[in-house]
Amino acid sequence: GSAGQTAPSGNGQGPFLRAGLSQKEIDAINKIRNAALVSEDRFVANVVNEFIVPSGPEASIRVAQFYRANPGQGEALRDLLRSSVLPAWKQAKSSGRISGAGVAASAQGRPGLTIIWVDYPNFAALDAGNMLQQTMGAPSYALLQARFAQLAHLEESSVSRRIPELSYTTN
């Protein structure tokens with residue numbers, strides 16, 4: 001499908017159409033995008049509500065990390081997220097270090113992944129250093145990293161920028 005034609009935005013229009021682009025402009029964008037595209041990965045992820053620190057409208061930078069739990073360690077990973085990471089996220093949000101954060105479990109297309117994301121208001125907040133280390137302190141963060149390494153391994157990381165006029169939400 002075309003990137004701008006339809007999206008689950010409630011009004012049937014994708015972000016390009018809502019931004020006022022003509023179909024000719026959308027087709028030109030898609031032609032350039034398709035020529036540059038090496039690969040595309042689409043999947044459905046299910047948000048885990050207990051691990052959500054809601055992001056505000058200022059959230060413009062998202063860092064997402066895709067982890068796979070080591071065999072037999074899925075529940076221990078969730079326990080670690082619940083006991084150590086979630087409280088640190090809440091503290092980091094209240095101090096303004098992050099805009100929000102959360103966890104999703106992958107479903108269709110990429111089974112078995114735990115997707116962890118942190119939203120920042122801008123690149124400067126991201127450049128300020130490791131948010132968990134700043135929030136927890138270096139000794140506690142080192143222990144968290146060691147425990148995390150026992151429970152899961154990182155498969156992929158990404159940084160993305162939200163463009164409000166080209167974005168939508170299903171919330």
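For my notes, buried means under 20% relative accessible area, exposed means over 50%, and partly exposed is in between (1.4 Å probe, protein chains only). By that scale Arg62 is partly exposed, with a relative accessible area of 34%.

**Ground rules**
I'm looking at a predicted model, where local features need pLDDT of at least 70, side-chain atom pairs count only at pLDDT 80 or more, and totals for chains, interfaces and linings use all residues. Residues are numbered from 1 along each chain as its sequence is written, and side-chain values use heavy atoms, with hydrogens and water left out.

**Entry 1: the sheet**
I looked up the strand order and got an open sheet of five strands, 1-3-4-2-5, with antiparallel pairing. Strands (E, at least two residues) and helices (H or I, at least four) are DSSP runs numbered from the N terminus, and two strands pair if DSSP finds at least two bridges between them.

Next I checked strand 2 (residues 61–69) against strand 4 (residues 113–120): they pair antiparallel over eight bridges. Phe66 stands opposite Ile115 in strand 4. Helix 3 (residues 74–94) packs on the sheet and touches strand 2, strand 3 (100–106), strand 4 and strand 5. Contact here is heavy atoms within 4.5 Å.

**Entry 2: Thr114**
Thr114 lies in strand 4. Is it buried or exposed? I get a relative accessible area of 16%, so Thr114 is buried. Leaving out residues up to four places away in sequence, its contacts include Phe66, Leu77, Leu81 and Val103.

**Entry 3: salt bridges**
I counted five salt bridges in the structure, each a side-chain nitrogen of Lys or Arg within 4 Å of a carboxyl oxygen of Asp or Glu. Side chains of opposite charge can pair when their charged atoms come close.

Asp119 bridges to Arg62, with the closest N and O atoms 2.6 Å apart. Asp119 is in strand 4 and Arg62 in strand 2, so the pair ties together parts 57 residues apart in sequence. Asp119 counts as buried at 4% relative accessibility.

Arg68 bridges to Glu155, closest N and O atoms 2.7 Å apart. That pair links strand 2 (Arg68) to strand 5 (Glu155), 87 residues apart. Arg68 is partly exposed at 27%, and Glu155 is partly exposed at 37%.

Asp79 and Arg82 also form a salt bridge, at 2.8 Å between the closest N and O atoms. Both sit in helix 3, three residues apart, about one turn of the helix.

Conventions:
Axes are lines fitted to C-alpha atoms, for helices over the stretch in contact, and angles run from 0 to 180 degrees between N-to-C directions.
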